[in-house]
Amino acid sequence: DVAGTFVVKLTVTDDSGAHSSNMAQVTLNAVPSEDLHLQLTWEDASSDLDLHLVRNIGPRFTGEDCYYANCKPLGYLVNWGGGGANPHLDVDDTNGFGPENINVAQPRAGNYTAGVHWYSGSASTIVATVKVYVQGALLGEYTRELNRCNQYWDVAKVIWGATGTATVQEINTTAQETRGSCF
């Protein structure tokens, strides 16, 4: 599912090719129900990007990092305190434009870092977008052009307070990783 606002207009074409469309429009708002929702989309269907959410200062690609290898929708391998505090990744989109979504129903107080890893693909550049929703409200939208496979983009930090309030701070740094299936 893709969170956001969508405007829908219907155009009908009959068997003879005649078109009919009226000016009626419907606006739909898809609002995440979890307290913390991250969404990754990208512009190259032949490349695989992976969304990450790292708790506190845990290193990437470990048990403190929710990503495709250890944060699947069925059976958590990441334990951030059980129940609604555990994150889940909805799908690992390996051949599309996303979205990949990570959700935490009831985050515990702490810092969470959103990141993107360019896992595989042969494109020379990819434009990626990450949206951060807190309690259904879009608090951050970040877009960056990645320029090499195995690049890791630290996008933003979510600071979750003990009272359930949160702030989002942009990081926007990149580093090269040694993981992935670049060709």
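Predicted model: local features only at pLDDT ≥ 70, side-chain atom pairs only at ≥ 80, totals over all residues.
The average pLDDT of the protein is 88, and 94% of the residues score at least 70. Local features need pLDDT of at least 70 and side-chain atom pairs count only at pLDDT 80 or more, whereas totals for chains, interfaces and linings use all residues. Residues are numbered from 1 along each chain as its sequence is written, and side-chain values use heavy atoms, with hydrogens and water left out.

**Overall architecture**

- The protein has 14 strands and 0 helices, where strands (E, at least two residues) and helices (H or I, at least four) are DSSP runs numbered from the N terminus.
- The C-alpha trace spans about 60 × 45 × 30 Å along its principal axes.
- Among contacts with a separation of 6 or more, 59% join residues 24 or more positions apart; a contact means heavy atoms within 4.5 Å.
- The accessible surface is about 9,300 Å², and carbon and sulfur atoms contribute 50% of that area, as computed by the Shrake-Rupley method with a 1.4 Å probe.

**Disulfide**

- The link of Cys 66 and Cys 71 is left-handed, with -85° about the S-S bond.
- Cys 66 counts as buried because its relative accessibility is 0%, and Cys 71 is buried at 0% as well.

**Aromatic rings**

- There are 5 aromatic pairs, counted when ring centres of Phe, Tyr or Trp (its six-membered ring) lie within 6.5 Å; planes under 30 degrees apart are stacked, over 60 edge-to-face and the rest tilted.
- Phe 61 and Tyr 67 have ring centres 5.2 Å apart and planes at 85°, so this pair is edge-to-face; both residues are buried.
- The rings of Phe 61 and Tyr 152 are also edge-to-face, because their planes stand at 65°, with centres 6.3 Å apart.
- Phe 61 lies in the loop between β6 (48–55) and β7 (65–66) and Tyr 152 in strand β13, so their pair ties together parts 91 residues apart in sequence.
- Phe 61 and Tyr 152 are both buried.
- Ring pairs link Phe 61, Tyr 67, Tyr 68, Tyr 119 and Tyr 152 into a cluster.

**Charge over a ring**

- The charged end of Arg 60 sits over the ring of Tyr 152, 3.9 Å from its centre; the criterion is NZ of Lys or CZ of Arg within 6 Å of the ring centre and within 35 degrees of the ring normal.

Notes:
Disulfide = S-S within 2.5 Å. Buried < 20%, exposed > 50% of the residue type's maximum accessible area, 1.4 Å probe, protein only. pLDDT = per-residue confidence, 0-100.
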